[in-house]
Amino acid sequence: MSGLPMKISSNEQSTARIATARGKWILLTTVLGSSMVLLGSTVTNVALPHIGEDFSADLTALQWTVNAYMLTLAGLILLGGSLGDRFGRRRIFIIGVVCFAAASLLCGLAADTNMLIAARALQGAGGALLTPGSLALIEASFHPDDRARAVGLWSGFGGIGAAIGPFLGGWLVDGPGWRWTFLLNIPLALACVPIALRHVPESVGVAPQVTAADSVAGTAPGSTARRPRGFDVLGAALGALALALATYALTEARSGGLMVAVTGIGSVAAGVAFVLVEQRRPDPMMPLTVFSSRQFSAVNLITLCVYAGLGGFFFLTALELQIVVGYSALESGAAMLPSTVLMLIFSSHSGELAQRLGPRLPLTVGPLMCGVGMLMMLRVDTGASYLVDIFPALLAIGAGMVVLVAPLTVTLLSSVDSENAGLASGINNAAARASGLFAVAALPLLVGMGPDAYRSGAAFDASFSRAMPLCAAILGIGSVLAFTTLRESAAVPHRVHWRAHGWLMEPPLTPRFSHDHGKNS
């Protein structure tokens, strides 16, 4: 095909510049791809009451509508990075975009909840292919001097998308209908694929092998972290199986039965097998040696607590605002903007401050601030005032996230050397996704939310009032862990290029090339 770029290896010098037309096309491709995944994560919550009404679905079906997507995305995302390294990052990225668009079409045409849930799982699988590719394409295509700025632009546009997503989703739900929150991805894909084929160079992992977790986290090709080429299919399969069985057991537990017990035991067995496989493989997907750092292990435990609390909060709050307060889908989406806006404006500054003050204080105070905001949501009921009851709570949660998210990354990076920074960030990001998945599965069960609770404002509000203290308590555990396990100072042994981050449901990914003024390590 005339005009298609040549395939280059990941350790060849890339020369695209942001100021050139080619650089802008490459950046547009990655932004379009990551925006599809971001919309898939953010717009669905505001559509859930309408989906339930159209299909006469119970709460379990709505949980699976969210969790089917999160499950395949979290379970396969590290494998997606490996596939890109092995078969070509642009190729796997495009396959992911096409898969995501096809699944979105199936979601939009779904005749019942079973079809919708299956299509959402396929959507997550597509997202797992294209998400690591978005950042990897920037690494492989841009000149080293422009990479940090390119990632900053990519992250900034992603933050804007995170702010627009719930608002746009609410407008679509109230207007043409909830199906259009999925069909919206199709024109994005139709624009993304031709641009990628025409303007984005192909790249593959050669000689210096980048692990799957490095690829997710943005480890620069050609870095000094050289590992033998490997393809940990067994590890990826066991990890995904453990997540899937645990999610099923938690989501279906209210119905009881032998299958719930079997899947619960099976999830534990698959998890143990995953650990054993990763210990013995010469090229594991997730090298367990990195957990020998006490601080690294502590940070990931804090991450599990923080993003479990936040995941449960954002899932239930989108329903509370519509079912109990009486907001439209558009009003519900717009109501969540304060937290995102605060993150966009102040996250980069808090990262720099954390490097000077150390992590213990912000990682102790930040989760407590979020927890206080969730307790303030107990004031929300029928007829609640946005300015008096809802806005202050969301402001407190947004401020708490500003305080804790960037310091979480600072502390994470301080626990490993620069060669393992990408790996550490990838594991931490996967942990955040998994904890949000389990929160959505388990929280309704823990607070006694029945399958038809969302049909009654009074019943749902009662369950919501029990859920918020539980979410706050989980965040409180994270705060205690931070205070008791972290040092007062944790200097990062390599410079971190901080950028705006507005994604609420996952920590920022950390490309290794940003540690040294945009140059490869």
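**Aromatic pairs, group meeting talk**

Okay, let's start with a cluster: Phe55, Trp178 and Phe182 are linked together by ring pairs. Before I go on, keep in mind that what's on the screen is a predicted model.

Let me walk you through two of them.

Take Trp64 and Tyr248. Their ring centres are 6.3 Å apart and the planes sit at 40 degrees, so we call this pair tilted. The reasoning is that stacked needs planes under 30 degrees apart and edge-to-face needs over 60, so anything else goes down as tilted. Now, where do these two residues lie? Trp64 is in helix H3, residues 59-87, while Tyr248 is in helix H10, residues 233-251, so the pair ties together parts that are 184 residues apart in sequence.

Next up, Tyr386 and Phe391. Here the ring centres are 6.0 Å apart with the planes at 50 degrees, so this pair is tilted. Buried or partly exposed, what is Tyr386? Partly exposed, with a relative accessibility of 23%. Phe391 is partly exposed as well, at 27% relative accessible area.

One last thing, and this one's about a charge and a ring. If you look at Arg360, its charged end sits over the ring of Phe483, and the distance to the ring centre is 5.4 Å.

Technical notes: Residues are numbered from 1 along each chain as its sequence is written. This is a predicted model: local features need pLDDT of at least 70, side-chain atom pairs count only at pLDDT 80 or more; totals for chains, interfaces and linings use all residues. Side-chain values use heavy atoms; hydrogens and water are left out. Rings of Phe, Tyr and Trp (its six-membered ring) pair if their centres lie within 6.5 Å; planes under 30 degrees apart count as stacked, over 60 as edge-to-face and the rest as tilted. Helices (H or I, at least four residues) and strands (E, at least two) are DSSP runs, numbered from the N terminus. Buried means under 20% relative accessible area, exposed over 50%, partly exposed in between (1.4 Å probe, protein chains only). A charge sits over a ring if NZ of Lys or CZ of Arg is within 6 Å of the ring centre and within 35 degrees of the ring normal.
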